[in-house]
Amino acid sequence: MKYIIIIPAFVFIFFSGFSQKVKVLDKSDLQPIGQVTISNHHESLMIVTDANGIADISAIPDTATLLFSHVAFQPLRILKSNIPSNKTIYLTENIIKLDEFVYTANRVEEKKSDLPYKIEVIQAKDIVFQNPQNAAIMLEQTGQVFVQTSQMGGGSPVLRGFEANKVLLVVDGIRMNNAVYRAGHLQNAITVDPFGLASTEILYGPGSTIFGSDALGGVINFRTKDPVLSSSGKTEIHGNVLGRFASANTEKTGGINLNFGWKKLGVLLNFSYSDFDDLREGKVRDPALGDFGTRPVYAQRINGKDSMVINDKPWIQKTSGYSQYNFLGKVLFKPGEHSNYILNVQYSNSSDIPRYDRLTEMNGSTGKLQFAEWYYGPQTRLLASLKAEYNVKGVIFDHASVILGYQNIHEDRIQRDFGSSKKKFNLETVGVISLNADFDKKICTKDNLRYGIELDYNNVISKAHNENIKTGASTDDRATRYPDQKANMMYISAYLSNNWNISKVFAFSQGIRFNYVTLNAAYSDTMVKIMDIPFNPDIAQKNAAVNGYLGLVATPGRDWKFSLVGSTGFRAPNIDDLTKLNVVNGQTIVVPNPDLKPEYAYNIELSVAKTIIGKVRLEGTAFYTWLRDAHVIAPFKYNGLDSITIDGEKYQTLAPTNAGRAYVCGVQGSLLAQITHSFSILSNLTYTYGYDESSSDPLDHIPPVFGMTSFRLELKKFKGDFYVMYNGWKRISQYSPGGEDNDLYATPYGMPSWYTLNLKLSYQVIKYLNIELGMENILDENYRKFASGISSPGRNVIVALRCTF
């Protein structure tokens with residue numbers, strides 16, 4: 001009888017302990033939430049959920065009140081005895097994330113609230129819900145990054161009036177900017193697949209102290225997903241599959257993400273493919289603008305002859321479509337508690353991408369289209385890296401990260417004038433070898449020291465030829481875009497930064513970086529003869545610079561935050577700046593300027609944030625950036641002449657020059673309000689102004705006032721977002737006369753203001769299946785963004801299915 005009683009009691013105790021495992025899920029999509037802290041009322045015991053959202057709470061007394069907390073979700077208090085019988089807890093996202101961790105400020109994870117910089121974070125959950133077609137659109141959807149678009153297969157982000165090679169792109173700790181990043185508009189951001197991202201961080205203002213050259217306007221740091229190890233010790237396989245359709249360009253996108261996890265080894269495989277037809281613009285037009293932005297005719301080769309074909313649907317932007325696929329593969333090996341290694345391989349490849357803006361240009365003398373063909377050849381980006389991380393309480397560091405990387409980028413330009421049989425090819429390949437070593441040492445409880453080194457070597461191979469499309473004959477009598485004999489750059493730098501928590505109220509941060517940049521380039525004698533212009537074929541530079549920053553944060557309670565930061569930025573001329581020969585349009589050409597000097601930025605900004613009863617947060621940032629020796633494209637006398645003749649055609653000469661003095665200033669403001677447990681409002685606005693003091697002209701790349709206001713609802717298994725995107729007028733008088741503002745593609749008055757109404761919905765049918773619906777530009781407004789050469793999408797219906805397993 002004794003044993004009969006003991007055995008059931010033992011079974012009861014065993015299964016009681018087992019049943020005290022709880023699972024924490026996201027309320028809107030039923031996905032597990034890792035790193036949720038579960039504590040009792042006095043926080044004497046704290047437990048954290050694993051990657052599957054599971055935690056064992058058997059050690060906490062049954063009478064205790066539990067607090068479930070996570071930086072991205074609203075806290076939840078519940079009596080342990082009141083936990084539902086299915087042992088599942090649902091958390092609702094919190095729009096105000098005071099304790100969010102970021103990486104970009106000092107290349108280590110730290111609390112965003114401790115930093116003086118303005119930093120915004122796009123989490124994977126936000127990316128999934130918004131369903132952006134590419135990474136540039138993902139940035140634009142925040143309402144805090146302006147994005148210029150020359151063609152549908154592009155998107156050039158602008159931070160505080162800086163764009164292209166003045167904004168640093170980083171992926172997984174490796175700089176994407178290379179020796180041929182130009183001053184105009186760049187499409188390289190679209191080579192990063194949003195489907196494979198864990199987060200994206202945007203640091204506003206000069207970031208040269210930590211990231212080196214190019215970070216004048218800020219840093220955009222893409223962080224891809226990492227493999228997840230098994231939490232049970234057994235083989236675990238997780239993944240998701242995406243299928244998406246969008247009506248504005250008949251998008252067909254498919255993607256798959258697979259994670260294989262073992263105790264010490266994890267493998268992540270991510271693949272996506274997208275196909276886009278020609279883009280449809282909005283049909284609701286301002287009568288005062290006539291047919292601005294329409295595509296009345298397009299080029300087509302018929303019976304061996306170029307013909308101008310009438311577009312019977314001029315709202316369809318003919319010859320704008322393209323396709324692209326992306327691959328991400330990672331292998332994580334964690335031999336012990338204090339170290340891990342990640343092998344990272346990324347590859348992106350596109351079809352030919354039509355340069356839509358150029359394909360709409362008309363030849364003023366013939367009245368016909370200027371180009372029959374103009375496209376970027378398949379744009380490819382390969383990245384391979386090996387990362388080693390160590391967490392040890394050592395003498396010189398507590399945490400160390402070393403990344404050895406290699407990149408190979410192909411960027412080709414192919415064009416043919418309308419009615420001509422000569423097809424022109426410019427083919428560029430850039431190889432980049434890099435080494436990043438970053439270290440973190442805690443000096444004492446209030447003082448953290450960070451330091452590191454970076455080395456980058458860029459080698460550019462530039463080729464060119466002409467091809468007769470009738471005979472197929474190829475000739476090497478075309479000038480290369482960059483020097484053909486050699487073209488390389490080396491970046492060597494070291495930095496030191498420190499965060500000192502003076503008290504509970506004040507934190508002081510400072511940093512310094514030394515940069516040394518070399519450039520060597522030369523044209524061959526053959527190329528000098530082909531170009532037939534007198535210039536020195538050998539170009540070499542050595543530049544050194546010291547950058548730094550000082551930041552002060554004051555937090556008198558959790559309700560207020562005051563931040564003051566002074567920082568400097570630096571950008572050394574690259575191969576594109578110093579050596580490029582490029583026809584801008586039929587009348588002007590950019591020529592090399594070997595005397596171009598580095599440009600410098602000196603920035604000061606003040607931020608104030610106020611949180612009201614934990615439910616409303618107001619933030620405002622004012623910044624002022626002085627530019628010295630700023631690079632601007634301006635009329636240039638080449639060997640004493642203001643024009644040159646090439647291939648029998650006369651061009652006015654332009655070149656990148658140092659503008660002496662200029663400034664950019666502006667304000668950024670945001671409102672975050674958690675109105676109820678389920679309903680929230682988010683709004684932000686950015687105003688920027690830039691002026692060249694030397695020429696008394698507006699600076700280029702300065703966007704009009706822009707912003708976004710969003711109304712969000714989150715219920716169990718459901719999430720909805722109704723939001724308004726808006727831009728102010730950019731008057732033609734505020735366009736830069738010699739820069740990259742593209743007045744050719746604007747109205748005679750500039751670019752009109754616009755707004756769009758948009759709706760996104762998500763419903764979790766079951767744990768494994770999610771349906772996502774969206775309608776962008778509900779009113780079908782016709783509009784074009786400032787400096788862009790293609791009109792934005794009209795009404796766009798999005799349907800997506802996402803399976804998670």
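Visitor: Which residue stands opposite V241 in β54?
Guide: Welcome, and please keep in mind that this is a predicted model. Strand β18 (residues 236–246) pairs with β54 in the antiparallel sense, over seven bridges. Within β54, the residue that stands opposite V241 is C803.

Visitor: And what is the bridge partner of L769 in β54?
Guide: For this one we turn to β53, which runs antiparallel to β54 and is joined to it by eight bridges. In β54, L769 has as its bridge partner C803.

Visitor: Is A787 buried or exposed?
Guide: A787 sits in the loop between β53 (769–776) and β54. Its relative accessible area is 4%, and buried means under 20%. A787 therefore counts as buried.

Visitor: What is the phi of A787?
Guide: Most residues other than glycine have a negative phi. A787 is not a glycine, and yet its phi is positive, at about 70°.

Visitor: How many cavities of 30 Å³ or more does the structure hold, and how much space lies in the largest cavity?
Guide: The structure holds 14 cavities of 30 Å³ or more. In the largest cavity, the space comes to about 920 Å³.

Visitor: Which strand gives the most to the lining of the largest cavity?
Guide: The lining is made of 49 residues, and those closest to the centre of the cavity are K112, E120, V121, Q144 and L672. By class, there are 21 nonpolar, 15 polar and 13 charged residues in this lining. With five residues, the strand that gives the most is β10 (residues 119–123).

Visitor: How many charged residues does the lining of the second largest cavity have?
Guide: About 580 Å³ of space lies in this second largest cavity. Its lining has 37 residues, and I137, E140, E776, Y783 and P793 are the closest to its centre. Among the elements that each supply at least two lining residues are α3 (135–140) and β54 (796–804). By class, the lining has 17 nonpolar residues, 16 polar ones, and a number of charged residues that is four.

Terms used. Residues are numbered from 1 along each chain as its sequence is written. This is a predicted model: local features need pLDDT of at least 70, side-chain atom pairs count only at pLDDT 80 or more; totals for chains, interfaces and linings use all residues. Side-chain values use heavy atoms; hydrogens and water are left out. On a 1 Å grid over the protein atoms alone, a cavity is a set of points where a 1.4 Å probe fits but cannot get out, and a pocket is an open set with protein on both sides within 12 Å along at least five of seven lines; lining residues have an atom within 4 Å of a point. Grid points are joined across faces, edges and corners, and a volume is the space filled by probe spheres set on the points. Helices (H or I, at least four residues) and strands (E, at least two) are DSSP runs, numbered from the N terminus. Ala, Val, Leu, Ile, Met, Phe, Trp, Tyr, Cys and Pro count as nonpolar, Asp, Glu, Lys and Arg as charged, and the others, Gly among them, as polar. Buried means under 20% relative accessible area, exposed over 50%, partly exposed in between (1.4 Å probe, protein chains only). Two strands pair if DSSP finds at least two bridges between them.
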